Protein chains: 2
Amino acid sequence: MFAERIQHLTSSIIREILAAAQQPGVISFAGGLPAAGSFPEPDWSVLPTYVKQYGMSEGEPELREAIAADARAKGIRCEANQVLVLSGSQQGLDLVSKLFIDPHSSVLVESPTYLAALQCFRLFQADCQGVPLKANGLDMATFESQVRDHKPRFAYLIPSFQNPSGTCYDQAARHETAAMLDKYGLPLLEDEPYCELDYDNVEKPPICSLLQRAPWIYQGSFSKILMPGLRVGYLIAHPSLIAPLVRLKQAADLHTNRPGQWLALDYLRSAEKPQRLARLQGFYRERRDAFAAALESEFADIAEWQVPSGGLFFWLKLKQVRDTRPLLQPALEAGVAFMPGEAFFAEEQPPLGYLRLNFSHTEPELMVEGLQRLRKVLESA
Amino acid sequence: MFAERIQHLTSSIIREILAAAQQPGVISFAGGLPAAGSFPEPDWSVLPTYVKQYGMSEGEPELREAIAADARAKGIRCEANQVLVLSGSQQGLDLVSKLFIDPHSSVLVESPTYLAALQCFRLFQADCQGVPLKANGLDMATFESQVRDHKPRFAYLIPSFQNPSGTCYDQAARHETAAMLDKYGLPLLEDEPYCELDYDNVEKPPICSLLQRAPWIYQGSFSKILMPGLRVGYLIAHPSLIAPLVRLKQAADLHTNRPGQWLALDYLRSAEKPQRLARLQGFYRERRDAFAAALESEFADIAEWQVPSGGLFFWLKLKQVRDTRPLLQPALEAGVAFMPGEAFFAEEQPPLGYLRLNFSHTEPELMVEGLQRLRKVLESA
């Protein structure tokens, strides 16, 4: 009775864990929630009357202009008519899947990669091919052999402070990746929700700004720098891709909510934007540093990690390799939540022994306690 | 390079006309825009802080409760856990398409039907089979033969004040339709955005409330009774269908914007809701009556129509049958916009000579002038 794709429909383990992780008394390193203390106090009362009426599928013209200006400042050559406002950047994954994926199409992803992207691509019956992430970028030899062997429809990359690994491609890796995409004319979906959450002032030109030939889509979000509850994100597309994406958006939900778009515009054109962003980065930098110190004191002998220069996550590799999925339930019972790393791999037999730990949501004074609970679960399981 | 479905991706003629129709000086009978004067003045300042954070894919628990209570009052047997809050009811079409439609699946639709539903089903490569609408409901003989011949995955019906025809199924038609769906176990997607825009107090039990056996999805919207710019709608699903729909929603955009959900809840639980709705109905009833009078004076000799008991549209049949699509451009040049009827039919060779005219958006004092402009175009073309 259902469509064939429904066989490939999985629930997000993250969103299922979230309910358990939000129980009182649970210290949660599981989600990717921005800290509630980081949200501004918007002045809703100044919302113009026009936000009540139907709007354009492409998004508010002024917001599209502001997003394009911001992107040009990052080096992306684009105009406002290449911008499509989204109902959160998750929607971009849905629209790009519709644009490119037929059943059994191949999609190239980082290994590990964003869980909800895997779910979305698989729902459209894609075969996801992983390319291992190294400390500073992709394993280029595997990248090229995957492209040759599987002829993917596009590559999905999160070059800056990746979820889950925290990896930030260095400049050389960005150039190499762009050259490889150009060599094969392979379309790029560059997803950058964490780009602004940069605590160490890293040089990170968008890969799409380095492309000469390959078509590209760049995605950003207001969820991490403003408020996720608004559900406002955006994509910017190569001129050859924007028209069908706008039509796909139209069929998906007509347009994005206008009060949220207005607040995003208000954020972008605020004179205080640099200070607000610096404050936000300072807030998260402190938490990142506190979590790094807590990890050093509690986990140094049992796991390895890189301190991320941005984003929201530490990615731990246990020295004693084991499947971390069976640890989740005992951890929740012990009052601590984490994300098993296995879920983030495209491979049917994922590498074992990785954990994703979010540092942004937990008060610093609870971090050591949470890690001690987690360590006990690891030791007793 | 693109997925096969992109060959079936069409733009909404409505949304393309909208831009032209909003030029100064154009009297627009084209869109389905609620009158700006009908919108309330919400108190944004009372929005609770929690709306800033990520929310649940299913929607806010209190809003789901309020929607379920409202539906039960209409006769739909349901609980809050069968409610899924949507980013506008267009999103329901996307999710239900994903749930049921494989390439070449058949979908049963009214003839004529909602244009954006046709676009959405076709994007998922459905073959849409039309069943003619009569004055009070479906042509049941054709309905049954279409079900037998094409084994559709579901039936998409808009029983109350249908877009574009204004048709409202009478009680007998609702019972006959439910019995036919039950006979074949055919799932129903019942789309009711206009249900509350009832100017003549019509008895209209939801068809899904009359079903014994067939699975069903009922859709509603806050766009017509509150504000479309919020992009908040909902579906209520048979217990066998709600779990995959929630997962599809999760993959599509994580969840619906929370400020909009909060305002929808505020509307539903307001003590003044009955008075606000009565005021809105009065506002539109006046416009409906003014448009009926204007039509009677300007079009009685060249067209036929039924005065609709609700909704936003008059559906005209020209006495002299002709393709109305070539009239659109001259009409816009003459300062009046309308929707050619041909676009609303699933058939490859649609019936000719229908026009959809919206009466809700135009000030009553401009209606006669707009119709006179349209008549001149008809006469000179």
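**Notebook: a predicted two-chain model**

I began with the span 51-371 of chain A and found its end C-alpha atoms 46 Å apart, with 39% of the span in helix and 16% in strand. Helices (H or I, at least four residues) and strands (E, at least two) are taken as DSSP runs, numbered from the N terminus. For residues 51-371 of chain A, UniProt carries the feature "domain: Aminotransferase class I/classII large", from an unreviewed entry. I note that UniProt positions follow the numbering used here, that feature names are shortened, and that annotations may be inferred rather than shown by experiment.

The model is predicted: local features need pLDDT of at least 70, side-chain atom pairs count only at pLDDT 80 or more, and totals for chains, interfaces and linings use all residues. Residues are numbered from 1 along each chain as its sequence is written, chains are lettered from A and ligands numbered from 1 in the order in which they are written, and side-chain values use heavy atoms, with hydrogens and water left out.

**Relation of the copies**

I superposed chain A on chain B by a rotation of 180° with 0.0 Å of shift along its axis, at an RMSD of 0.0 Å. The two copies are therefore related as by a two-fold rotation axis.

**Interface**

I counted contacts (heavy atoms within 4.5 Å) and found 67 residues of chain A touching 68 residues of chain B. Because 100% of the interface residues of chain A are also interface residues in chain B, the copies meet through the same surface. The area buried between chain A and chain B is about 5,700 Å², and carbon and sulfur atoms give 59% of this. Buried area here is the accessible area (1.4 Å probe) that two parts lose on being put together, summed over both.

I next looked up the polar pairs. A polar contact is a pair of N or O atoms within 3.5 Å; within protein, one must be able to donate a hydrogen and the other to accept it, and residues adjacent in sequence count only if both atoms are side-chain atoms. Across the interface of chain A and chain B, 28 residue pairs are in polar contact, both residues at pLDDT 80 or more. On the side of chain A that touches chain B, α1 (13-21), α3 (89-100), α4 (115-123), α7 (242-253) and α8 (258-269) each supply at least two residues.

**Salt bridges**

The interface of chain A and chain B holds 4 salt bridges. Lys52(B) pairs in a salt bridge with Glu41(A), the closest N and O atoms being 3.3 Å apart. Within chain A, Lys98(A) forms a salt bridge with Asp94(A), the closest N and O atoms lying 2.9 Å apart. Lys98(A) and Asp94(A) are 4 residues apart in helix α3 of chain A, and are therefore separated by about one helical turn.

**Backbone**

I found a cis peptide bond from Ser111(A) to Pro112(A), with omega near 5°. Pro112(A) is placed in the loop between β3 (106-111) and α4 of chain A.

Definitions and conventions. Salt bridge = Lys/Arg side-chain N within 4 Å of Asp/Glu carboxyl O. Least-squares fit on C-alpha atoms with pLDDT ≥ 70 in both.
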